[in-house]
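Me: I have a structure open and want to learn to read it. Can we go feature by feature?

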Amino acid sequence: MNEGSSGFSLRRVAFSDLPRWSEDHPGLLLEGIRNCLIHIRSGKSYRTGDLGLSCDDILPVYEAALRADLLDAGSARQFFEQHFEPFRICRDDGSQGFVTAFYEPEVEVSDTPSGEWAFPFYRRPADLIDLDAANRPAGMDASYRFGRSAPAGIAEYPDRRAIDQGCLSGQGLEIAWARSKVDVFFAHVQGAARLKFQDGSIKRITYAAKAGHPFSAIGKLLIERDEIDAATVSMQTIRAWLEANPDRTDEVLWHNRSYIFFREADVSDDRLGPIAAAKVPLLPGRSLAVDRLIHTFAYPFFIHAPSLTHLDGGQAFARTMLALDTGSAIVGPARGDIFTGSGSAAGELAGTVRNKADFYILVPRSASARMAG
């Protein structure tokens, strides 16, 4: 038993303890493993999380994975059983972990503004700077990772309301314009989007930076106001409420002061998702966003969510996944966000995922003795 520093511990288990492990195909992670290796070999290693698992621990195993035959599910499981040991992440209070899901929206846009196309996606502004302990002004909350550079010094950046009301207009930061401010907002929540232009061309935008303000969930706000039932809250019910209450939309959206800026990217492979925080493309159905302060990108997890059935053909979700992303709402050792893919169908899958789950991290055998204390 390895005691965690944040109210959790790791308990060694056997692969036979993983629900439906015998039905899974961990070889489907191979493309992500290959891309992570390319990134690590380029000298841009991932930050080691508080668990202490490093890229050096995982590198030899992934080098071996590229030489092995993982195309067959049985052979892939055998490889993982030979090279990894699973550890269940146990919270000290005995509670289960929790999963949500995210996707890459597809939004119709125009490359010129008009009365119909009035809501922009913005690039990163020149006066937005990264903050750390060295340059963050005294009195500014330590959660602020971005600020505004001005002649009088560093200050908080304008929030969603100020930006929506035009404080960035005239700077040439617009990538494209959408019909709906709600579409723009949900692209911000997802951190990426595919933009479909009027000529049929498609461009991908991915996260570049944020204004710095904390994320505030509008679903929670609507629940607190008794506008939406907590038992049925989802992306779909939130969207429906916003569409039914256009006169109150701004007030609700502005509750989330956080604002996302994007950068442009090509859609080079329709099978894969956007470039994630791990600097590699997301694998639909196999990528997990985790708390990067605790975990290290590129590590495999096994997620079992008994009540989550619509992602796995009616069966309880039980799947090996790769940690490739993070998010401001993904906090804690057993908290994850599943990437379901791109487009409206993926959005329908993602929008209702709010399920308790058991988290297992797969640790290279060379590091497992250290994790076991």
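Reply: Start with two helices: α1 and α2 are oblique to each other. Angles under 35 degrees count as roughly parallel, over 145 as roughly antiparallel, 65 to 115 as roughly perpendicular, and the rest as oblique. Know your source too: this is a predicted model, where local features need pLDDT of at least 70 and side-chain atom pairs pLDDT 80 or more, while totals for chains, interfaces and linings use all residues. Residues are numbered from 1 along each chain as its sequence is written, and side-chain values use heavy atoms, without hydrogens and water.

Me: At what angle do α1 and α2 pack, and how far apart are their axes?
Reply: Two packed helices are described by the angle between their axes and the distance between the axes. Axes are lines fitted to C-alpha atoms, for helices over the stretch in contact, and angles run from 0 to 180 degrees between N-to-C directions. Helices are DSSP runs of H or I with at least four residues, strands are runs of E with at least two, and both are numbered from the N terminus. Here α1 (residues 30-41) and α2 (residues 55-67) pack at about 125°, with axes 10 Å apart.

Me: Which residues make the contact?
Reply: Contact means heavy atoms within 4.5 Å. On α1, look for L30, I33, R34, L37, I40 and R41. On α2, find C55, L59, Y62, E63, A65 and L66.

Me: How many disulfides does the structure hold?
Reply: A disulfide is a pair of cysteine sulfur atoms within 2.5 Å. This structure holds zero. Take C36: the closest cysteine sulfur, in C55, is 8.4 Å away, so that is too far for a bond.

Me: Is C36 buried or exposed?
Reply: Buried means under 20% relative accessible area, exposed over 50%, partly exposed in between, using a 1.4 Å probe and protein chains only. C36 is at 0%, so C36 counts as buried. C167 has 32% and is partly exposed.

Me: In what order do the strands of the open sheet run?
Reply: Two strands pair if DSSP finds at least two bridges between them. Three strands form this open sheet, ordered β7-β8-β9, with antiparallel pairing. At the edges are β7 (128-130) and β9 (153-155), each pairing on one side only. Strand β8 (residues 146-150) pairs with β9 over three bridges. In that pairing, R148 stands opposite A155.

Me: Where is K279 found?
Reply: In the loop between β13 (260-265) and β14 (287-289). K279 is at 53% relative accessibility, so K279 counts as exposed.
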